[in-house]
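Reader: I would like to learn how to read a pocket and an interface from coordinates. Please take one case and go through it.

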Amino acid sequence: MTAAPSLAMAREPAPRVPALGAHGAADVSHRVILYLEDVTVTFDGFRALNALSLYVDAGELRCIIGPNGAGKTTMMDVITGKTRPDSGTAFFGQALDLTRLSEAEIAAAGIGRKFQKPTVFEHHTVFENLELALRADRRARRTLFATLDGAARDRIAEILELVRLSGEAGRLAGQLSHGQKQWLEIGMLLVQEPQLLLLDEPVAGMTDEETERTAELVVGLAKERSIVVVEHDLAFVARLGGKVTVLHEGAVLAEGKLDDVKADPRVVEVYLGR
Amino acid sequence: MTPAPRQPIVLRLLAATPRAGWLALGAFALTALVVVPGLYLFTPPGSPLHVPDHVLTVGGKIMCYAIVAVAMDLIWGYAGILSLGQGLFFALGGYAFGMYLMRGIGRDGVYQSDLPDFMVFLDWKALPWFWRGTDHLAWALALVIGVPALVAVLFGAFAFRSRIKGVYFSIITQALTYAAMLLFFRNETGFGGNNGFTDFKRIAGFSIVAPGTRATLFALTAAALAGTLVLVRFVVTSKYGRVLAAIRDSEERVRFLGYDPLWYKLLAWTLAAVLCAIAGALYVPHVGIINPSEMSPASSIEIAIWVAVGGRGTLLGPVLGAALVNLAKSWFTVAFPQLWVFFLGAIFVLVTLYLPDGVLGLGRRVLRRGVSA
């Protein structure tokens, strides 16, 4: 009885808001990096997410599939703070409540997101796009006097090499091909060094060869961080391996290996059979 | 995280502007700081080299407008915030400095009172509290910067936190400056009502109409313009400036990169407000009057037109735009006074449709074509 308060005192209260620029904030001591529990989101009466529960382990490569309107993008929006759930909880690691943080704070805490449509800054050069994404202090008064040191330049050069844009560093991002923009965006995510990477249809509009290279890249990246991929292309999902979650009408319909999931009659009915 | 090695700020300022820019600035400084004031002061009025009074007044006025245009370009051209209320900050700076000039009249006013004439006319017995200390130049200058900065921070924090953007932001800024104009029109507000402030006599002890004072004022304004250009150039070429331009192009994407656009916008917005206020403070002694018409919605729209005509997202463009439009205005309002607003509207439509990059963009296109031909 007497010991209980002192124990509570001894524990440092978790900071609610990580400073912009603070990194690796997620506490993954319990193996799980992302918790979504009973998350419900409604838009004008339409239940985009219906008591969705989903757990992603640290270091996992998870693929989310499901028909249009299953809630895949809404789920991403909840994780990144763009949409607030009506009910339910969303945690990044043990301590960071995603439903209370802003988009910028969540990004700074270590969740990177690639959008469905490639969104690079078209009036900035490829190099500048990476410079903006580079892990560094995000506060306005710091960026006013920020200079790129050698290590940062090396890091950008390394990523340019990885996404095969070394020859395009000085070009405006708006002049790149669709596939190159997708790759630049992946590069921008990499220099952010996120702990959790969300990829929304990363191979949409890519050629077969680009898709193959992207798969290689994603599998390689999964060695260092957790990745959640939303994708329609089942061949790509198969290529990635890992666990698959099927969403349907805002909730999890099935979860497991791709082959098992494909064999599930409920999944066949709502998704694959059509 | 290890901070990058720091270069002295002076070197960084030097590096931000290219050599051609420094040469142009040097030429401008030589002309505006030495040649023009020198010819004005030291050549006899009949001489072909003499610079007459009105050239100094018009030139000074246009340089003030150019500062406003550069500030407008910072927030519109680079940050994508189309403010149609910059006239408010210009006027606030003007009024703050106008208070000092009014106090400088002393007992030389019509009523030979310690109070400004309009207060005597209203039968006020004492200075309102906010006039206290305005007879000191330093305090007046602090007000010139502090009051508009405070208004900008409060309004900006509210607007940017609520994520008010685009045309909604433009409309609210129009409403803001209009409301301020109505407030300043009232005699009870304590700023001279619709007449504003005028009949200034002296500035820092010197007669305001003395040639030496006017030449100094002209040179100070030129220095302020040059300083504004160097400062804004530094800001837009820094990483901060690149984040700002990224916010202009895709604010949401910037947020998902981990930047909070609020502080970026607020800083640029406040800096622009302060620059407009400094321009306003310099403008008042040049023209000898400040009244609420500076806060009219149309005046603020005109500022946006200067920038559009000159070329958004460049720094030289707005300076050219402010000069061209205002020279055209000076001529038009004498030749066809009723037609000016129509002409201004026509310019805006034509520039928007055919010259998205303004005259500077047109010039560059012509040059490029000339090179490739």
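Reader: What volume does the largest pocket have?

Author: On a 1 Å grid over the protein atoms alone, a pocket is an open set of points where a 1.4 Å probe fits, with protein on both sides within 12 Å along at least five of seven lines. Points are joined across faces, edges and corners, and the volume is the space filled by probe spheres set on them. Here the largest pocket has about 1200 Å³. This is a predicted model, where local features need pLDDT of at least 70 and side-chain atom pairs pLDDT 80 or more, while totals for chains, interfaces and linings use all residues. Residues are numbered from 1 along each chain, chains are lettered from A in the order written, and side-chain values use heavy atoms, without hydrogens or water.

Reader: Which residues lie nearest the centre of the largest pocket?

Author: Lining residues have an atom within 4 Å of a point. There are 36, with B:Tyr78, B:Arg233, B:Gly313, B:Thr314 and B:Leu315 nearest the centre. Helices are DSSP runs (H or I, at least four residues), numbered from the N terminus. Helix 8 of chain B gives the most to this lining, six residues.

Reader: How much area do chain A and chain B bury between them?

Author: The size of an interface is often given as the accessible area lost when the parts come together. With a 1.4 Å probe and summed over both parts, chain A and chain B bury about 3000 Å², 61% of it on carbon and sulfur atoms. A:Glu103, A:Phe121 and A:Leu144 lose the most area on the chain A side, together 20% of what that side buries.

Reader: How many salt bridges are there between chain A and chain B?

Author: The criterion is a side-chain nitrogen of Lys or Arg within 4 Å of a carboxyl oxygen of Asp or Glu. The count is four; A:Glu103 and B:Arg163 form a salt bridge at 3.0 Å, N to O.

Conventions:
Buried area is the accessible area (1.4 Å probe) that two parts lose on being put together, summed over both. Helices (H or I, at least four residues) and strands (E, at least two) are DSSP runs, numbered from the N terminus.
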